[in-house]
Structures are given as C-alpha cells and as structure tokens.
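Have the structure open while you read, and look up each residue as it comes along.

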Amino acid sequence: AQTNLQLLGQMRRADYGEEALDLVARAYAVACELFAGAHRGSGKPFVCHLAGTASVLAALRSPPEMLAAALLHAAYLQGDFGAGWLGPSEVKRDQ
C-alpha cells in the first residue's frame with residue numbers, strides 16, 4: 001500500500017477491527033500534517049513511504065499500534081512541527 005485508502009483496505013481484508021482502522025487513520029492524519037509537502041528522492045510524497053512501511057507490518061498481522069508507529073516512525077527527526085526541518089530538539093521532544 002502507498003496510500004491511506006490502500007492501507008485501510010488491506011487492513012479490512014485482513015480483518016482488523018474498526019478500532020484498529022480508526023487508530024491507523026488518525027496516525028495517518030498526523031503524518032500528513034507533519035510531512036505536508038515532503039517528498040522522497042524519487043519524487044513520491046513522503047507519506048507514501050510511511051504507508052508502505054505500515055503496509056508491510058499489516059501483511060505480517062502486526063498489532064495496530066505498530067502500524068500507527070510505522071506511520072510516524074520518522075516524525076521526530078524529519079517531521080515539521082511548525083518550526084521547520086530542524087531535526088531533534090527539546091521543543092519537538094516536548095510536543
């Protein structure tokens with residue numbers, strides 16, 4: 001999966017429950033905020049990489065919390081928390 005719709009569809013086919021789908025959808029929404037406008041070297045939006053990572057874990061039937069973590073795995077180092085692309089910082093840690 002490379003999009004939220006593909007990921008949620010994959011999860012439905014794997015019989016994840018509605019609570020799990022909601023958790024992952026909320027994590028995806030946060031990822032979209034943190035990585036708005038960010039792209040990989042290939043030109044693809046960064047969130048496609050995040051969805052792909054979560055998709056691998058969904059294929060392995062990992063718990064939904066792990067899928068949510070996969071969607072946010074790069075947030076601390078590469079997410080934009082409103083102060084630009086600063087990398088690690090005390091402000092990010094607090095947020």
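This is a predicted model: local features need pLDDT of at least 70, side-chain atom pairs count only at pLDDT 80 or more; totals for chains, interfaces and linings use all residues.

**Two helices side by side**

Let's start with helix α1 (residues 4-13) and helix α3 (residues 46-59), whose axes come within 10 Å. At what angle do they cross? The answer is roughly 5 degrees. Angles under 35 degrees count as roughly parallel, so α1 is roughly parallel to α3.

Now zoom in on the residues that meet. From α1 you have Leu7, Gln10 and Met11, and from α3 you have Ala51, Ala54, Ser55, Ala58 and Ala59. Sorted by type, this contact of α1 with α3 has six nonpolar residues, two polar ones and no charged ones.

Which residues of α1 are buried? They are Leu7, Leu8, Gly9, Gln10 and Met11. These buried residues of α1 pack against α2, α3 and also α4 (64-71). Once α1 is over, you get to Asp15, which has a positive phi, near 65 degrees.

**A serine on the inside**

Ser55 belongs to helix α3. Is Ser55 buried or exposed? Its relative accessibility is 9%, and buried means under 20%, so Ser55 counts as buried. Leaving out residues up to four places away in sequence, Ser55 touches Ala1, Leu7 and Gln10. Leu7 and Gln10 are also on the list of α1 residues that meet α3.

**Rings**

How many aromatic pairs does a search of the whole structure find? It finds one, made by Phe35 and Phe46. A pair of aromatic rings is described by the distance of the centres and the angle of the planes. For Phe35 and Phe46, that's 4.8 Å centre to centre and 25 degrees between the planes, and the pair is stacked. Planes under 30 degrees apart count as stacked.

The two partners are 11 residues apart and link distant parts of the chain: Phe35 is in the loop between α2 (18-34) and α3, while Phe46 is in helix α3.

| Residue | Relative accessibility | Counts as |
|---|---|---|
| Phe35 | 3% | buried |
| Phe46 | 6% | buried |
| Ser55 | 9% | buried |

One more ring to visit is that of Tyr16. The charged end of Arg61 sits over this ring, 4.4 Å from its centre.

How values were computed
Residues are numbered from 1 along each chain as its sequence is written. Side-chain values use heavy atoms; hydrogens and water are left out. Axes are lines fitted to C-alpha atoms, for helices over the stretch in contact, and angles run from 0 to 180 degrees between N-to-C directions. Helices (H or I, at least four residues) and strands (E, at least two) are DSSP runs, numbered from the N terminus. Angles under 35 degrees count as roughly parallel, over 145 as roughly antiparallel, 65 to 115 as roughly perpendicular and the rest as oblique. Contact means heavy atoms within 4.5 Å. Ala, Val, Leu, Ile, Met, Phe, Trp, Tyr, Cys and Pro count as nonpolar, Asp, Glu, Lys and Arg as charged, and the others, Gly among them, as polar. Rings of Phe, Tyr and Trp (its six-membered ring) pair if their centres lie within 6.5 Å; planes under 30 degrees apart count as stacked, over 60 as edge-to-face and the rest as tilted. Buried means under 20% relative accessible area, exposed over 50%, partly exposed in between (1.4 Å probe, protein chains only). A charge sits over a ring if NZ of Lys or CZ of Arg is within 6 Å of the ring centre and within 35 degrees of the ring normal.
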